[in-house]
Amino acid sequence: MSSEPRVLIVESNDALRAMLFTILRHQPVGVDTAVTAADALQKTSQCDYALAVVDMDMADGAGEAFVRGYREQRPDGTTFILAVRDPKNDNYLDPDLVSAVLNKPLEIDMVAELVRECAAVVPLPEDPLPCPPAESDIRARMERGSYIAN
Amino acid sequence: MRPEKRLLIVDDDDAIRALLLTVLRRRGFRLDSARNGVEAIERLRSCRYALVVLDLMMPIVNGYDVLEWLDTQPVTERPLVLVLTAGLEPKRFDTKIVVGLLQKPFDVDLLVDTISGCVLVTDAVCQPDGCPDPANEPRSAS
C-alpha cells in the first residue's frame with residue numbers, strides 16, 4: 001500500500017475532472033475521482049482520504065449531498081474538504097462539513113500547491129482502511145506498460 | 001534588518017495552517033505560524049507583526065486568551081487581528097483589537113484580499129533583536 005496521502009476529486013464535469021486529475025497526479029499524492037455523490041461515498045467507504053476537492057456547483061446539489069453523506073458515513077473522518085465553486089454561488093456552507101472554499105476559475109498551480117501542502121499534514125486514522133490502488137497509480141503503471149489487471 | 005510587514009497565522013488545525021501559509025506565501029508575505037495560544041504569545045513577544053490571523057477555538061490557550069493578552073500590550077505595538085470563526089463562538093471582541101471576522105469555511109480569495117487590504121494600511125517595522133527569520137513550517141510539525 002502506498003504511503004502517499006490520498007486525494008479524492010468529486011466532479012461531474014468531465015473537463016474539470018480531467019484537468020484536476022492531471023494537475024494532481026503530478027503531485028506526491030494518490031488521486032481518485034468520483035462523478036457523483038454516491039460514487040464518491042463509495043470511495044470514501046473504502047479508503048481514508050487526506051483531502052477531497054469537491055465541486056459545489058454540481059447538478060442536484062451533489063456536492064452538498066456528498067459532504068453531508070461523508071459526515072454521516074464517517075463522523076470522525078479527518079478528510080480536509082476543499083470546496084470549489086463559482087463565486088456567484090454564495091450559498092451557506094457548513095464549517096463542520098467544508099474546510100475552505102476556492103473560487104472558479106481555478107488557479108492551477110495554486111490548487112496543486114494547496115493540495116500537496118494540506119494533504120501532507122492531515123492525520124490518518126489510527127487504523128486506516130486498506131485502500132485499493134489509486135487511479136493515478138494505475139494510470140502511471142499503464143503508461144509505463146507494467147500494469148496487468150487482475 | 002530591513003523594515004517588514006510580517007504576518008502571524010494561529011490555528012491548531014495543521015491543514016488549515018498549511019493552506020493559509022501556502023496561499024499567503026504565494027502572495028509574497030513574510031509569515032510565521034503558531035499552533036496554539038501559547039506559541040502565539042511567544043511569537044508576539046519576540047517579533048512584531050502587521051497582522052495576526054487568529055483561530056478562536058484552540059487547545060491550551062485559546063484565541064480569546066490571546067486577545068486578552070494583546071489588550072495588555074501598548075497600543076502602538078499591537079498588530080491588527082483578523083479572527084477566523086465558525087460562527088458559533090460568543091462574539092465578545094474589542095473592536096480596537098479585532099479588525100474583522102472571517103467565517104469558516106473561508107473563501108480563500110476573499111481571505112487573501114482582506115489580508116492584503118489590511119496590511120496595506122500598516123507600517124513596515126524593523127524586527128527586534130532575537131526575532132528569528134520566518135521559516136517555512138516543516139510538514140511534520142504536529
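In what order do the elements of chain B run from the N terminus on? They run β-α-β-α-β-α-β-β-β-α. Chain B has 4 helices and 6 strands. Helices (H or I, at least four residues) and strands (E, at least two) are DSSP runs, numbered from the N terminus.

This is a predicted model: local features need pLDDT of at least 70, side-chain atom pairs count only at pLDDT 80 or more, and totals for chains, interfaces and linings use all residues. Residues are numbered from 1 along each chain as its sequence is written, while chains are lettered from A and ligands numbered from 1 in the order in which they are written.

**Overall form of chain B**

A compact globule of 142 residues would have a radius of gyration near 14 Å; chain B has 14 Å, which agrees. That radius is taken over C-alpha atoms, and the globule rule is 2.2 Å times the number of residues to the power 0.38. Of the 142 residues, 39% count as buried (20 or more other C-beta atoms, placed from the backbone, within 10 Å of the residue's own).

**The sheet of chain B**

In chain B, 5 strands form an open sheet in the order 2-1-3-4-5, with parallel pairing. Two strands pair if DSSP finds at least two bridges between them. The edge strands, strand 2 and strand 5 of chain B, each pair on one side only. Strand 1 and strand 3 of chain B pair in the parallel sense over 4 bridges. B:Val10 stands opposite B:Leu54 in strand 3.

| Strand of chain B | Residues |
|---|---|
| strand 1 | residues 6-10 |
| strand 2 | residues 30-34 |
| strand 3 | residues 51-55 |
| strand 5 | residues 98-103 |

**Where the chains meet**

17 residues of chain B are in contact with 18 residues of chain A. Contact means that the C-beta atoms, placed from the backbone, lie within 7 Å. Helix 1 of chain B gives the most to the side of chain B that touches chain A, with 8 residues. Strand 5 of chain A and strand 6 of chain B run parallel, joined by 2 bridges. There, A:Val101 has B:Asp107 as its bridge partner.

**One helix of chain A**

Which residues of helix 2 of chain A are buried? A:Ala37, A:Ala40, A:Lys43 and A:Thr44 are. Seen down the helix axis, these buried residues fall within an arc of 120 degrees, so they line one face of helix 2. The arc is that of the directions from the helix axis to the C-beta atoms. Their cover includes strand 1, strand 2 and helix 3 of chain A.

Technical notes: Two residues are in contact if their C-beta atoms, placed from the backbone, lie within 7 Å. A residue is buried if 20 or more other C-beta atoms lie within 10 Å of its own, exposed if 12 or fewer, and partly exposed in between; C-beta atoms are placed from the backbone.
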